[in-house]
Amino acid sequence: MAKVFVEALVLGAINWGEADKMVTLLTREQGKCKAAAFGARRPKSPLAASLQLFSYVEVELTEGARISTIRQCTIKEHFRRLSEDLETIAYGSFVAELATELSPEGEPQPEVFERLLLIFRAFEVRQPRITALAAACQLLELAGLGLRYEQCVHCGAPVNGDVFIEIEEGGLLCPSCRTEASMPFSSAARELLSDMLRLSWKRDASLQVKKDALLQAEEIVLLYLKSLFGRLLRSIEFIQQLV
Ligand SMILES: [Zn+2]
């Protein structure tokens, strides 16, 4: 059986068997993979301390016919707020769940890995709610699924100023084409989403956020995700319980 060392971000973990865990990893080298961590829930297991959700780790994987097994795990970077602060954990779970949904299994995605690492680091210093929304915009864009809003989907008119959006119709509607089901989409919310898309995640990169624009942008992205996956992401229910 082949043994490999890979760098990975821990995106998910579920309890399994008597004392085992099944973890979802986004590896730098091999993309997303699931791996079994036998005994990881025993307090004395060296995996118990190192294999934590959101951690940046190096793992030794033994590739099996059906599933890989984690033999050893070393922490390269631990994110304190993502393990201690409930609000940060909730928004971090949303980002991890979205990255899991968007990543195909076994396909290397070095750009997504690097971006996610920057996002997890940003959770240590930035406001979690804003970080999560900016992360969602960037992960969707990297997956080729970013929201597009250059023109009205009905008449093709270029989009300027305050317009409307109808997710079911697949995009923006100008004021003349709006229907009763259209939601307002202000130019402020649109600017915020494009600023978020360009955010470099450097420590001094600031983002101007007005509350109304944030609420509208967030509502639109969540509706878009719901139509994309055909359901609400589980982590969103967790967030809604906190607010
Ligand atoms: Zn139109």
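This is a predicted model: local features need pLDDT of at least 70, side-chain atom pairs count only at pLDDT 80 or more; totals for chains, interfaces and linings use all residues.

Me: Which residues coordinate the zinc ion?
Reply: C152, C155, C174 and C177, each through SG, at 2.3 Å. Donors are N, O and S atoms within 2.8 Å of the metal (3.2 Å for Na, K and Ca). Their spacing along the chain is C-x2-C-x18-C-x2-C.

Me: What geometry does the site of the zinc ion have?
Reply: Tetrahedral, with angles of 103 to 116° among the four donor atoms. Four donors count as tetrahedral if all angles lie between 85 and 135 degrees.

Me: Is C174 buried or exposed?
Reply: Buried, at 9% relative accessible area. C177 is buried too, at 17%. Buried means under 20% relative accessible area, exposed over 50%, partly exposed in between (1.4 Å probe, protein chains only).

Me: Switching to the core. Which residues touch the most other members of the largest nonpolar core?
Reply: F94, V95, L116, F120, F185, L193 and M196, out of 59 residues. Such a core is a set of buried Ala, Val, Leu, Ile, Met, Phe, Trp, Tyr and Cys residues joined through side-chain atoms within 4.5 Å.

Me: Where does its largest share come from?
Reply: Helix α3 (residues 86-102), with nine residues. Helices are DSSP runs (H or I, at least four residues), numbered from the N terminus.

Key:
Residues are numbered from 1 along each chain as its sequence is written. Side-chain values use heavy atoms; hydrogens and water are left out. Four donors count as tetrahedral if all angles lie between 85 and 135 degrees; four count as square planar and six as octahedral if opposite donors are over 155 degrees apart and all others between 65 and 115; anything else is irregular. Helices (H or I, at least four residues) and strands (E, at least two) are DSSP runs, numbered from the N terminus.
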